[in-house]
Amino acid sequence: MAEFTLGLKKNFYEFIDDLADFVILIFLDRNNELDKKRKFFKHFKQSKRDVEFAKLKGNDANRFVAEYFTLKGYKISNADNMYFINKSNYNSKDIDISLYDLKNEMDKLFSLAEGDVVTRDMIDKSLSENRDSNIFKFLNALSSRQTERSLMEFNNLYNLNEPLQRILYMIIRQMRFMMMYKNLSEVGYNRAEIQKEMSISPYEFNKIADYSKNFPLKDLYAIHKDLTEADNLIKTTGVSDKLLIEMLIVQITSR
């Protein structure tokens, strides 16, 4: 997506502006690489044709969860409702948890229910380990190029029913951030400027800066290419995504 937007000419934007009102044109930023500072995004924003689906916050998130429980015929207290949202890490700034993911977690809860009341004990059993903790343990091992530990942490995530597509997304995100850090460092950006461009927490930024030392830039480009190709392969064929991700982990840590 990012490369596509860089080569667009004036006639492309004229074509977009001349589309009939009944035409819907969708651009899919599959790997979250769209630069909102560039002309492509600004063109749509200036004409008020950009729509962003931000995470729900506070009462809106609480209401969404409570209403879904009610829709499915279950009851939950306000305190446990907020406890569930916090433990699901939907509010996390460092990992991408969508409403779809949140709904899947609620559906998992229903399978544990013996009555029509969702309890904190059920929540703890369903969300047995903190997602942030597990995903970052895996990413830390991967970025340290520790093959055996990376595979172990990956299988821990798999056994906790962490969606494989999200695990792959987090690997791609990690490699992309390391590429970005090394690229900006090489052209003279200082650490504060790089963190501002990356828009991530200081803790995660320091991790990225440290782990990027383990990868030559040319390796990161090659790894990112392999990852995006694997992502497309998983989405378009019946290939075993678990086996493919395990092969990618070995390739990344052994390259």
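Helices (H or I, at least four residues) and strands (E, at least two) are DSSP runs, numbered from the N terminus. The model is predicted: local features need pLDDT of at least 70, side-chain atom pairs count only at pLDDT 80 or more, and totals for chains, interfaces and linings use all residues. Residues are numbered from 1 along each chain as its sequence is written, and side-chain values use heavy atoms, with hydrogens and water left out.

**Exercise 1. Determine the secondary-structure pattern of the protein chain and the share of its residues that is buried.**

Solution. 
- Step 1. The chain contains 14 helices and zero strands.
- Step 2. Along the sequence, the pattern is therefore written α-α-α-α-α-α-α-α-α-α-α-α-α-α.
- Step 3. Burial is assigned by relative accessible area: buried means under 20%, exposed over 50%, and partly exposed in between (1.4 Å probe, protein chains only).
- Step 4. Of the 255 residues in the protein chain, 40% are buried.

**Exercise 2. Describe how helix 2 and helix 3 pack, giving angle, axis distance and handedness.**

Solution. 
- Step 1. Two packed helices are described by the angle between their axes and the distance between the axes.
- Step 2. The axes are lines fitted to C-alpha atoms, for helices over the stretch in contact, and angles run from 0 to 180 degrees between N-to-C directions.
- Step 3. For helix 2 and helix 3 the angle is about 30 degrees, and the axes are 12 Å apart.
- Step 4. Angles under 35 degrees count as roughly parallel, over 145 as roughly antiparallel, 65 to 115 as roughly perpendicular and the rest as oblique. Helix 2 and helix 3 are therefore roughly parallel to each other.
- Step 5. A crossing is left-handed if the near helix is turned anticlockwise from the far one by less than a right angle, and right-handed if clockwise. Helix 2 passes helix 3 in a right-handed crossing.

**Exercise 3. Identify the residues of the nonpolar surface patch that includes Phe 22, and locate Phe 22.**

Solution. 
- Step 1. Patches are made of residues with over 30% relative accessible area and no salt bridge; like charges are joined within 9 Å, and nonpolar side chains (Val, Leu, Ile, Met, Phe, Trp, Tyr) within 5 Å.
- Step 2. Accessible areas come from the Shrake-Rupley method with a 1.4 Å probe, and for residues only the protein chains shown count as cover.
- Step 3. The patch consists of Phe 15, Phe 22, Val 23 and Leu 25, with about 440 Å² of accessible area together.
- Step 4. Phe 22 belongs to the loop between helix 2 (10–17) and helix 3 (39–46). Its relative accessible area is 71%, so Phe 22 is exposed.

**Exercise 4. State where the non-glycine residues Arg 145 and Ser 199, each with positive phi, are located, and classify each as buried or exposed.**

Solution. 
- Step 1. Arg 145 has a phi of about 60 degrees and sits in the loop between helix 8 (131–143) and helix 9 (147–159). With a relative accessible area of 18%, Arg 145 is buried.
- Step 2. Ser 199 has a phi near 55 degrees and sits in the loop between helix 11 (191–198) and helix 12 (202–211). At 61% relative accessibility, Ser 199 is exposed.

Note on methods:
Salt bridge = Lys/Arg side-chain N within 4 Å of Asp/Glu carboxyl O.
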